Amino acid sequence: VIRWRRRSLTCQELVELVTDYTEGALPPAERRRFERHVAACAGCATYVEQMAAIPPLVRAAAQPSTGLPPEAELSLLHAFRSWHDERR
Amino acid sequence: VPDRPDHVRPHDLATAAALAAGDEAAFADLVRELSPSLVRLARGYVGSHAVAEEIVQDVWVSVFRGITGYEGRASLRTWVHRICARAALRRATSERRSIPFADAFDDGPTVDASRFASVDARDNPRGWSSAPRPWRAQPEDHVLRAEQRAAVSVAVESLPDRQRLVLVMRDVDGFSADEVCEALNLTEGHQRVLLHRARAHVRTRLEEEVGAS
């Protein structure tokens, strides 16, 4: 098997691989290529850092969800009870 | 950090057995634990909060009626969210005339090509010509926070349906990749593409907001 030494990633290629990288989906060689580029490129290092900042920001910006209103919960409990009673 | 696989939590089978046995406290606990993320998920499919709550109520009825069908192959919360996603999709399909979630599988670049040098540039082809500037260097950090938050909300709302559903399950409700794939019936690769596009879109909007202020 002939193996070429792969050329390094360009910045434009790297930005499309950030989530594959953070999700652990890159094969080891690709992963090293990604890390080598980020270590040597300030622009991409900033980009990766900003992408990593997104999940907590999305979480912070989300409307809190309180679930079901109490009356809905109550009627569900009634439905659950009668379902169980019917099965007995 | 890769996600942990969607392990069935030890008490999932016990909870399912309790429900099957008519344990009201176990049912009430589960309803309280999972309804917030269920309402959020359903709301991602339908236009109103009230309809989302209705869907979730129906989901819970399906859950206890079908609890003996839970075999512990996915976590209980994944199983419940999958039922919810299906119910919400049915409801959305019947409410809209067009088919929802048929957004084109967009595979264009997530960062505008104008930010990079051309392929035949002598210096650093396809490298940044306009690199992102670090956000932490912004002086008015506390002022920006409210604006950033608003920009993030708007960006999330404007996402195509499936990107938004994946982003919310992953980044708001903290589901693993496996759980999202199972609940929304996506392949691993597709889930990752949707998540990537969603996060990249939010980053771009935020960059514009930070740059504008």
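**Before starting**

Residues are numbered from 1 along each chain as its sequence is written, and chains are lettered from A and ligands numbered from 1 in the order in which they are written. The model is predicted, so local features need pLDDT of at least 70 and side-chain atom pairs count only at pLDDT 80 or more, while totals for chains, interfaces and linings use all residues; side-chain values use heavy atoms, with hydrogens and water left out.

**Stop 1: chain A as a whole**

Read from the N terminus on, the elements are α-α-α-α-α.

Now turn chain A to view its outline. Along the principal axes, the C-alpha atoms fill a box of roughly 70 × 40 × 15 Å. The radius of gyration of chain A is 25 Å, whereas a compact globule of 88 residues would have one near 12 Å. That radius is taken over C-alpha atoms, and the globule rule is 2.2 Å times the number of residues to the power 0.38.

Switch to a surface. Chain A has an accessible surface of about 5400 Å², of which carbon and sulfur atoms hold 56%. Such areas come from the Shrake-Rupley method with a 1.4 Å probe; for residues, only the protein chains shown count as cover. Of the 88 residues of chain A, 44% count as buried. Buried means under 20% relative accessible area, exposed over 50%, and partly exposed in between (1.4 Å probe, protein chains only).

Among contacts (heavy atoms within 4.5 Å) in chain A between residues at least 6 apart in sequence, 51% join residues at least 24 apart. For the charges, colour Lys and Arg as positive and Asp and Glu as negative; His and the chain ends are not counted. The mean positions of the 12 positive and 11 negative charges of chain A are 12 Å apart, with each charge placed at NZ of Lys, CZ of Arg, CG of Asp or CD of Glu.

**Stop 2: Arg31(A) and Glu35(A)**

Select these two side chains. Arg31(A) and Glu35(A) form a salt bridge with closest N and O atoms 3.8 Å apart. A salt bridge here is a side-chain nitrogen of Lys or Arg within 4 Å of a carboxyl oxygen of Asp or Glu. Side chains of opposite charge can pair when their charged atoms come close. Arg31(A) and Glu35(A) are separated by about one helical turn, because they are 4 residues apart in helix α3 (residues 28-40) of chain A. Arg31(A) is partly exposed at 29% relative accessible area, and Glu35(A) is partly exposed at 34%.

**Stop 3: Glu73(A)**

Move to helix α5 (residues 70-87) of chain A, where Glu73(A) lies. Is Glu73(A) buried or exposed? Its relative accessibility is 18%, so Glu73(A) counts as buried. Leaving aside neighbours within four places in sequence, Glu73(A) is in contact with Leu68(A), Val31(B) and Arg32(B).

**Stop 4: chain B as a whole**

Select chain B. The secondary structure here comes to 8 helices and 0 strands, in the order α-α-α-α-α-α-α-α from the N terminus on. Chain B has 213 residues, and 50% of them count as buried.

**Stop 5: salt bridges in chain B**

Over all chains, the structure holds 17 salt bridges. Select Arg77(B) and Glu179(B), one such pair, with closest N and O atoms 2.8 Å apart. This pair links distant parts of the chain: Arg77(B) is in helix α4 (residues 76-95) and Glu179(B) in helix α7 (residues 177-184), 102 residues apart. Both Arg77(B) and Glu179(B) are buried.

Next select Glu208(B) and Arg205(B), whose side chains meet in a salt bridge of 2.9 Å, N to O. Both lie in helix α8 (residues 188-212) of chain B, 3 residues apart, about one turn of the helix. Glu208(B) is partly exposed at 43%, as is Arg205(B) at 31%. Then select Glu54(B), Arg91(B) and Glu95(B), which are joined into one network by salt bridges that share partners.

**Stop 6: Gln163(B)**

End in helix α6 (residues 161-172) of chain B, at Gln163(B). Gln163(B) is buried, with a relative accessible area of 9%. Which residues does Gln163(B) touch, not counting residues up to four places away in sequence? They are Leu194(B), Arg197(B) and Ala198(B).

How values were computed:
Helices (H or I, at least four residues) and strands (E, at least two) are DSSP runs, numbered from the N terminus.
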